[in-house]
Amino acid sequence: MAFRKDFLWGGATAANQCEGGYNLDGRGLANVDLAPLGEKRMGVITGQDKMFEFVDGEIYPAKEAIDMYHHYEEDISLFAEMGFKTYRMSIAWSRIFPRGDESEPNEAGLEFYEKIFKECKKYGIEPLVTITHFDCPMYLVEKYGAWRSRELVGFYENLCNVIFNRYKGLVKYWLTFNEINMILHAPFMGAGLYFAPEDNQDQVKYQAAHHELVASAIATKIAHEVDPEMKVGCMLAAGAYYPYSPKPEDVFESRQKDRESYFFIDVQSRGEYPAYALKELERKGIEIKMEDGDLELLRENTVDFVSFSYYSSRVATTDEELLAKTEGNIFASVANPYLKASEWGWQIDPMGLRITLNDIYDRYQKPLFIVENGLGAKDTPNENGYVVDDYRIDYLSQHIQAMKDAVELDGVDLMGYTTWGCIDLVSAGTGQMSKRYGFIYVDKDDEGNGTLKRSKKKSFDWYKKVIATNGEDLTNN
Ligand code: P53
């Protein structure tokens with residue numbers, strides 16, 4: 001059998017993309033609330049345009065999202081029906097610390113997540129909790145410049161102390177920062193960073209990254225002290241780079257591009273700044289301010305496992321003409337002529353998942369966890385309100401097959417697999433509801449109309465069978 005007996009099958013969501021209830025029970029505003037639907041979105045999430053309050057006439061999908069705030073019992077019972085062993089979710093920092101720098105937490109926020117964890121426990125579902133999934137309280141953004149300030153480390157430490165102690169016995173698996181490398185590509189959405197014209201943006205990003213890396217090590221330390229059973233992972237937006245051609249320059253460029261991302265995980269998993277990064281930072285004139293003890297903290301508190309998202313492989317080249325034609329989303333990449341793409345232009349590459357798993361396992365030799373994978377697609381319910389999403393079943397079965405090959409044939413140690421957006425939710429990149437990933441359809445459109453009614457898609461029963469057979473039966477019938 002390919003997968004461990006205790007393989008953690010499940011699905012993944014993030015607080016601001018599903019909860020809604022953005023101002024309920026004392027919740028404070030967060031960076032992720034302020035990203036509108038539509039053409040202004042990209043400028044905001046990349047930190048190039050400022051938007052510090054809601055602007056009239058814009059749609060903010062995170063305000064209501066799919067209102068899981070009031071539907072969590074129904075949603076978790078549907079996850080249980082599919083046989084989920086784990087449910088990956090995130091806590092909204094600003095529910096627990098509405099401003100971010102208080103000394104006492106907001107009890108209503110803590111209670112909300114306690115109810116969710118207990119609901120999971122009821123069905124034997126192990127929560128896998130992302131501490132920050134891109135979110136940062138707006139108060140910390142405005143007052144401190146978010147992660148550019150060292151003080152954020154202390155605020156994050158408070159948050160960790162509170163949640164680890166409160167949820168001890170309820171939550172065993174934690175991720176410190178979602179897609180930590182996203183700080184380079186979407187600094188406002190990823191870490192609350194925005195820029196002044198005179199800023200050296202790389203300097204700001206890498207200093208903020210250092211703060212996150214130290215905060216992540218502190219979180220790992222506290223978790224292990226509070227409960228030695230707790231397992232803490234890092235989280236990478238992964239996807240191996242391929243050289244566009246066998247030209248040595250292209251090959252080297254692909255390695256450089258991979259390192260841009262692996263830098264973060266090298267620190268979190270190996271415990272030190274890698275030599276290539278020190279050289280690169282020096283060349284770029286970036287100086288990272290560190291405090292005494294930072295290097296020890298990083299060295300002594302490496303993660304227990306390495307998790308990542310995988311949607312696509314990427315292509316690197318030094319060819320200027322090809323680069324000029326580059327398109328895509330936040331991770332712009334040269335198109336791979338051998339691959340087809342989704343409706344949103346994300347290239348589909350199951351073999352790339354096997355390659356990525358092998359690359360990461362070779363590099364870190366720690367248990368791996370795929371915590372996001374899936375196909376964003378338009379779904380059209382038929383006359384009975386049923387979505388026949390064979391395209392999603394195809395995508396997922398091919399990726400699960402690739403993951404099986406990595407385990408069975410290559411010996412990769414894999415703990416689990418959670419598909420992204422197991423219930424339809426708001427897209428992080430575009431803000432659309434119509435970019436759907438779920439096994440469960442939610443009746444809501446991009447403009448916010450709809451009943452929020454949940455219904456099972458064809459993939460619901462398919463995934464249920466996959467889990468029941470521990471990944472042995474991937475057929476679609
Ligand atoms: P959406 C870009 C590239 C890779 C991962 O993305 C990304 C993004 C953001 O667009 O984000 C992760 O919703 C992220 C999730 C996000 C998911 O991928 O743009 O962790 O929050 O929803 C899918 O289709």
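Guide: Helices here are DSSP runs of H or I with at least four residues, numbered from the N terminus. Please bear in mind that this is a predicted model.

Visitor: In which helix is the place of V267?

Guide: With helices numbered from the N terminus, the one spanning residues 248-270 is α10. The place of V267 is in helix α10.

Visitor: Is V267 buried or exposed?

Guide: V267 touches L213, E272, Y273, P274 and L298, not counting residues up to four places away in sequence. Its relative accessible area is 2%, and the limit for a buried residue is under 20%. V267 is therefore buried.

Visitor: How far apart in space are V267 and R299, C-alpha to C-alpha?

Guide: In sequence, V267 and R299 are 32 residues apart. In space, their C-alpha to C-alpha separation is 8.2 Å.

Visitor: How are α10 and α14 oriented to each other?

Guide: The axes of α10 and α14 (residues 350-364) come within 11 Å and cross at roughly 40°. Angles under 35 degrees count as roughly parallel, and 65 to 115 as roughly perpendicular. The two helices, α10 and α14, are therefore oblique.

Visitor: How many charged residues has the contact of α10 with α14?

Guide: On α10 the contact is made by R259, Y262, I265, D266, S269 and R270, and on α14 by D359, I360, R363 and Y364. By class, 4 are nonpolar and 1 is polar, while the number of charged residues is 5.

Visitor: How are α3 and α5 oriented to each other?

Guide: Helix α3 (residues 68-82) and helix α5 (residues 107-122) have axes 10 Å apart and pack at an angle of about 10°. Angles under 35 degrees count as roughly parallel. The orientation of α3 and α5 is therefore roughly parallel.

Visitor: How many nonpolar residues are in the contact of α3 with α5?

Guide: From α3 come Y69, Y72, E73 and I76, and from α5 come F112, K115, I116, E119 and C120. The contact has 3 charged residues and no polar ones, and its nonpolar residues number 6.

Key
Residues are numbered from 1 along each chain as its sequence is written. This is a predicted model: local features need pLDDT of at least 70, side-chain atom pairs count only at pLDDT 80 or more; totals for chains, interfaces and linings use all residues. Side-chain values use heavy atoms; hydrogens and water are left out. Axes are lines fitted to C-alpha atoms, for helices over the stretch in contact, and angles run from 0 to 180 degrees between N-to-C directions. Angles under 35 degrees count as roughly parallel, over 145 as roughly antiparallel, 65 to 115 as roughly perpendicular and the rest as oblique. Contact means heavy atoms within 4.5 Å. Ala, Val, Leu, Ile, Met, Phe, Trp, Tyr, Cys and Pro count as nonpolar, Asp, Glu, Lys and Arg as charged, and the others, Gly among them, as polar. Buried means under 20% relative accessible area, exposed over 50%, partly exposed in between (1.4 Å probe, protein chains only).
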